[in-house]
Every structure is written in structure tokens, then in C-alpha cells.
Amino acid sequence: MIYPFLKGGRGDFSPTALKILGIESSCDETAAAVVEDGKTVLSNVVASQIDEHKLYGGVVPEIASRRHTENILWVVRSALEEADCTLDDIGAVAVTYAPGLIGALLVGVSFAKGLAMAGKKPLVPVHHIAGHIAANYLSHPGLKPPYLCLVVSGGHSHIAEVLDYTRYRVVGRTRDDAAGECFDKVARTIGFPYPGGKNIDEAAKLGNPEAFVFPHPHVAGSEYDFSFSGLKTAVINLVHNTQQKGAEINRFDLAASFQKTVSEILVSKTMKAAEALGYSKIALAGGVSANSGVRGLLSAECKKRGFELFMPEFKYCGDNAAMIACQGYFDFLSGKRADESLNAVATMSLEDK
Ligand code: KG4
Ligand code: ZN
């Protein structure tokens with residue numbers, strides 16, 4: 001198939017005004033966006049299900065899938081309308097196909113396949129975590145690989161070398177809970193509603209970060225790997241012991257001390273990896289990249305070392321489809337395509353994408 005927006009020869013494509021429709025449904029956000037040339041966001045529509053899942057203290061996969069099914073059509077339609085586009089103007093459809101909740105992913109993947117087939121558009125499968133990393137290209141068009149990225153979301157905690165726009169090497173990963181998961185579980189223990197991370201962040205601003213001292217876990221084997229289950233257990237034990245004594249715990253101090261500890265763990269390992277691997281360009285990505293403690297400490301430590309730091313704007317930290325369309329652009333340029341046999345995959349390493 002010849003794409004009218006591609007010019008140039010030798011496979012060295014130079015696309016002009018390539019509009020990509022991105023679709024994201026890996027967890028509890030139904031999202032669609034139109035992004036031109038991987039950098040200009042023409043629309044970015046996100047339908048969040050937070051209010052409904054809040055009733056259950058976390059994401060209920062079955063409810064998430066049902067809501068995606070109800071939302072996907074109007075979300076995609078709104079994204080096209082806001083971008084002042086029809087499907088005819090779209091050069092390719094990019095969709096998150098892994099990793100995530102399988103039923104939730106399937107809604108976006110099925111919809112994108114149908115749209116691509118009906119509109120005779122190329123279909124580009126996008127890895128969700130690659131999308132989070134690509135959010136940085138939207139906020140910082142000057143950012144170019146290679147660089148080192150700390151990826152912290154609800155399901156993943158990685159230190160990854162971004163070798164080029166579509167190739168990664170994961171040098172550190174969590175052995176148990178992801179950073180966002182730890183925020184959410186600790187929030188529940190302290191009594192903050194879902195989504196916990198954002199509520200801990202708000203509470204931490206009112207507390208004393210030195211009030212409690214929590215352990216910094218040592219992970220045998222790889223010095224860049226994380227482990228958050230010990231920290232989570234330490235907070236839970238502290239809360240239970242205090243309750244058993246009939247005493248009151250200051251939730252704001254606890255939130256501040258916990259957030260300080262998580263930030264120190266994440267940032268110290270990232271700095272160690274950067275120094276050892278010779279990176280002076282650092283990026284942050286994933287839902288937890290919105291956290292003020294992590295952003296603040298990472299900024300300070302990068303400044304100390306003269307490292308250049310890139311962090312997504314808040315609107316691109318959580319799940320959204322602009323980041324998927326952006327990564328879809330780079331995947332498209334690298335020749336990545338899917339056909340109607342594309343399936344959703346719940347677990348997939350960034351390196352195997
Ligand atoms: O990337 P994301 O939106 O979804 C996944 O791909 O998992 O990340 C969601 C995670 C949740 O655990 C949420 O509590 C956390 O990001 N999060 C935060 C903040 N905002 C969202 N964690 C700490 N501080 C925040 N401000
Ligand atoms: Zn995410």
C-alpha cells in the first residue's frame with residue numbers, strides 16, 4: 001500500500017502532516033487523541049472511570065471493560081471532532097495492545113481494528129509503557145534518545161535505557177509491587193480514598209516528612225532493582241501497632257514520610273544507574289511522575305550533577321491517548337504494523353514489544 005503522506009526513497013521516509021489517531025483503554029481511562037507528526041496534539045480526550053471505581057477502593061476489571069465499551073465510540077468521535085478531522089484525514093490508527101487489564105485492552109484493540117479495516121488505515125500496535133515514555137516528546141519536542149528513563153506507574157517500576165525511539169533496555173525493575181501500587185495500598189491503609197497516589201501527594205504537603213523513618217530496601221542481585229513490599233508492610237505495621245495501643249497517628253506526617261522514602265528509593269537508584277551507565281539525560285514517566293515528591297527530589301539530584309531532566313506536563317502523566325499516538329508515530333516510522341489478527345496481551349516486557 002502507498003501512503004500519500006510519505007515521500008522520499010530508500011525507506012528513509014519523511015512524512016508530512018501525518019495525523020495519528022491514538023486509542024488507549026488499558027486500565028480505567030478510555031482515551032482517544034489525534035497527534036500530528038508525533039508532536040502536535042490536536043485533541044486529547046480522556047473519559048475517566050475513577051468516580052465509579054472509588055466506591056470499591058480500586059479498579060474492578062469487569063466494570064472497567066463495560067465502561068470502555070460504553071465510552072469508546074463517543075470518545076473517539078470527540079477526539080476526531082476536536083481535532084477538526086474525519087477518519088479520511090487520519091494516516092494511521094495506533095492502539096495500546098499491551099500490557100494492561102486484558103478485558104479493558106480488548107475493547108480498544110477491537111475498536112481500533114474495526115476502524116482501521118473500515119477506513120483502510122494502517123494499524124500500529126503500541127506498548128503502554130513505551131507510550132508513557134513518549135509523553136516526554138510531547139512536553140519536550142527537543143528530547144532525543146538515548147537517555148535514561150525512570151518509569152513509575154500503577155503496574156510498573158522500571159529504570160530503562162531508551163536506546164532510540166522504539167528500542168529499550170530495562171536495567172532495573174521492581175521485584176514485587178510497583179511504585180504506584182505501593183502508593184495506592186498505603187493510601188488505603190491510612191484511610192485515603194482511591195486513587196491513593198494523588199491523595200497521598202496532597203496529604204504529604206501538609207505533613208512532616210521527617211516524622212517517621214522507614215526502611216530503604218536492599219535488593220540482592222541488581223542494585224537498580226526495586227522492592228516496595230517491605231516499605232508497604234512497615235507502614236501497615238506502624239498503623240496497626242498504633243491502633244492497637246489506642247493512639248492516633250498523624251496521617252499527614254505518615255503520608256509525607258512515606259512519600260519521602262519512596263522518592264529517595266526511586267531517585268537514588270536512578271542516579272546510580274545514570275552515573276554507572278554514563279547518562280546525563282534523564283526522563284521521568286508514568287502515572288507516579290505526577291508526584292511532587294518524586295519530581296522535586298529528581299530535579300534537585302539532577303541539578304546537583306548537572307544532568308538534563310525531562311518530565312511530562314501533568315496532563316500527560318496519567319493514562320492518555322496523546323502519548324499512544326505519539327509513540328505510534330515512531331513505531332509507524334520504524335515499520336511496525338498489525339493486521340486483523342492483533343490481540344491484546346496482559347503482560348509484555350518493554351524490551352519485547
Ligand atoms: O500510569 P498510570 O496512570 O496507570 C498505569 O499505567 O498503571 O499510573 C497510575 C498510578 C496509580 O497507582 C496512581 O495512584 C499513581 O499512578 N499516581 C500517583 C500520583 N498520581 C497518580 N502517585 C503518586 N503521586 C501522584 N500525584
Ligand atoms: Zn499507564
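The model is predicted: local features need pLDDT of at least 70 and side-chain atom pairs count only at pLDDT 80 or more, whereas totals for chains, interfaces and linings use all residues. Residues are numbered from 1 along each chain as written, chains are lettered from A and ligands numbered from 1 in the order written, and side-chain values use heavy atoms, without hydrogens or water.

**The two domains**

Select residues 4–134 together with 317–352 for domain 1, then 144–315 for domain 2; these bounds come from an automatic or database domain assignment. Taken over C-alpha atoms, the domain centres are 27 Å apart.

**The interface**

Next, display the contacts (heavy atoms within 4.5 Å): 22 residues of domain 1 touch 28 residues of domain 2. The buried area is about 1900 Å², with 66% given by carbon and sulfur atoms; this is the accessible area (1.4 Å probe) that the two parts lose on being put together, summed over both. On the domain 1 side, select Ile-133, Cys-317 and Glu-351, which lose the most area to domain 2 and together account for 36% of what that side buries.

Seven residue pairs, both residues at pLDDT 80 or more, are in polar contact across the interface. Such a contact is a pair of N or O atoms within 3.5 Å; within protein, one must be able to donate a hydrogen and the other to accept it, and residues adjacent in sequence count only if both atoms are side-chain atoms.

Now colour α1 (50–54), α4 (128–139) and α10 (322–333), the elements that each give two or more residues to the domain 1 side. Helices are DSSP runs (H or I, at least four residues) and strands likewise (E, at least two), numbered from the N terminus. Of the elements on this side, α4 gives the most, with four residues.

**Ligand 1**

Centre the view on ligand 1, which 18 residues surround, each with a heavy atom within 4 Å of it. The closest are His-132, Gly-154, Asp-184, Asp-201 and Asn-291. An N or O atom in the Asn-291 side chain lies 2.9 Å from a ligand nitrogen.

**Backbone details**

Move to Pro-146, in the loop between α4 and β6 (147–152); a cis peptide bond joins Pro-145 to Pro-146, with omega about 5°. The bond from Tyr-194 to Pro-195 is also cis, with omega near 0°, and Pro-195 lies in the loop between α5 (179–190) and α6 (196–204). Finally, select Asp-84, in the loop between α2 (61–82) and β4 (92–98); Asp-84 is a non-glycine residue with a positive phi, near 60°.
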